[in-house]
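Dear colleague,

I am handing over the structure below, and my notes on what was found in it follow directly after. Please read them with the model open beside you.

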Amino acid sequence: MLLIKLATKSLLNRKASALLTLFTIAISVMLLMSIERVRVDAKSSFSNTISGTDLIVGARTGDIQLLLSSVFRIGHANNGVSWKSYQFISEQRGVKWAIPMSLGDSHKGLAVLGTNKDYFEHYRFAKKQPLSFLKGHEFNHLFEVVLGAEVANTLGYQLGDEVVIAHGMGNTSFHNHDDNPFKVVGILKPTGTPVDKTLHIPLAAIDAIHGSHAHQHEAAQADANDHDHDHDHDHDHDHDQHDDVDLVGTPKQITAFLLGFDSPLYTLQVRRNINQYKDEALLAIMPGVTLRELWEMLSIVEKILLLFSIVVVLISLLGMLTSLLSSLNQRRRELAILRSVGARPWHIFTLISVESLLITGLGCIVGTALFYALMLLGADYLQSHAGISLNIALLSSYELMLLAAIMVAGFIVGLIPATRAYFYSLADGMSIKI
């Protein structure tokens, strides 16, 4: 206890350099812990992008390319799936539900997805969490749109606003369908997935805005006008009145579709049948398996981030080593006085070691506090911009092991100046020659 008290007073006497060293260690600890937490939660959020879907079916391409284009809205599908094939497969034994997906249009760089009402009922994310509405309801008419949370927040849309869809993905829009604006009828709650950045419209509206069914477009426009005229009616009454509105139509082809089965036993059998489908070159993937494959490809990024943060910690510990070594010459008088009042060389050794432990320990405590502050401040940003849902919980066993490793490393680094002080005190009991 006496040595701890002496070490504390010694550090306070050199508080400028001690605080600078402590702050450097704290920043490195914060960085290491933050990278580790974001890495773990990013992997979890990544794996939870789609849940409860047994198969994703699209034109024959790579597994990862199909996953990226259909789920993450990244890239483009080279070919589509014919409507005939979709109907045939969705009617197979064991298929509980099927969700058609048509991509290729956009709104201000955000993806537009044509689908059916089953999307809102059966699509799951995270641990089989369903989609839910922050405001409004699902589309009941051809020219209605349901917005993802980020679309509404970023562009400031509210219920009743009109949205113009453009042909072409991303910021490369070839044609704006100004004559067919869509009315916002629903805004989904945040999910931390690509759903938040997507505009959802009825599948039949894709053909309608592209003019492939002129009579369908006219009927839809008339239906939309009737809806505007009766907009004060109760939603339930409105829903019943328009149950016969065809929101799916008969498109020539779709981008992909999702399948759910009554039993997992059907998954492998149907997948094999789809991959051997003779009428069309199709590919069926299991999203969970493909997500793991994709994350394994990205594992090198994990390792680079972890290596980077470890290097930062080592640099901060080397900074502490430099500080302790450089202060030995200035502390000759202090250590000589300790020797003159009976302190032995091993007392000097222990004193310097305790100082390094105190600096490292306080650095870990301050770094952990900064880590939690950063997590609290950055949680909403990462959720909305990167889709990473941070788990702000107590430190995991692995994170505690990292802190313990830093403490051990700090102790080992502190042994170097402590050993030097020990041998110099043996050589000269009253002073340290450096």
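Among contacts in the protein chain (heavy atoms within 4.5 Å) between residues at least 6 apart in sequence, 78% join residues at least 24 apart. This is a predicted model, in which local features need pLDDT of at least 70 and side-chain atom pairs count only at pLDDT 80 or more, whereas totals for chains, interfaces and linings use all residues. Residues are numbered from 1 along each chain as its sequence is written, and side-chain values use heavy atoms, with hydrogens and water left out.

The protein chain has 15 helices and 16 strands, taken as DSSP runs (helices are H or I of at least four residues, strands are E of at least two) and numbered from the N terminus. Of its 434 residues, 46% count as buried, where buried means under 20% relative accessible area, exposed over 50%, and partly exposed in between (1.4 Å probe, protein chains only). The chain exposes about 21600 Å², of which carbon and sulfur atoms supply 60%; accessible areas come from the Shrake-Rupley method with a 1.4 Å probe, and for residues only the protein chains shown count as cover.

Leaving aside residues up to four places away in sequence, the contacts of Leu-199 include His-107, Leu-110, Val-145, Leu-147 and Ile-165.

Helix H3 (residues 63-70) and helix H11 (residues 287-297) pack at an angle of about 105°, with their axes 10 Å apart; axes are lines fitted to C-alpha atoms, for helices over the stretch in contact, and angles run from 0 to 180 degrees between N-to-C directions. That makes H3 roughly perpendicular to H11, given that angles under 35 degrees count as roughly parallel, over 145 as roughly antiparallel, 65 to 115 as roughly perpendicular and the rest as oblique. On the H3 side, Asp-63, Ile-64, Leu-67 and Leu-68 meet Pro-287, Thr-290, Leu-291, Leu-294 and Met-297 in H11. Thr-290 counts as buried at 2% relative accessibility, and, not counting residues up to four places away in sequence, Thr-290 touches Asp-63, Ile-64, Leu-67 and Ile-285. Although Thr-290 and Gln-65 are 225 residues apart in sequence, they are 9.9 Å apart in space, C-alpha to C-alpha. The buried residues of H3 are Leu-66, Leu-67, Ser-69 and Ser-70, and what covers them includes strands E1 (55-59), E3 (95-107), E15 (256-261) and E16 (282-285), together with H11.

Two loop residues have positive phi without being glycine. Arg-73, with phi of about 55°, lies in the loop between H3 and strand E2 (81-82) and is buried, with a relative accessible area of 13%. Lys-108, with phi near 50°, sits in the loop between E3 and strand E4 (110-115) and counts as exposed at 59% relative accessibility.

Finally, Val-408 lies in helix H15 (residues 397-427) and is partly exposed, with a relative accessible area of 48%. Val-408 and Thr-360 are 48 residues apart in sequence and 9.1 Å apart in space, C-alpha to C-alpha.
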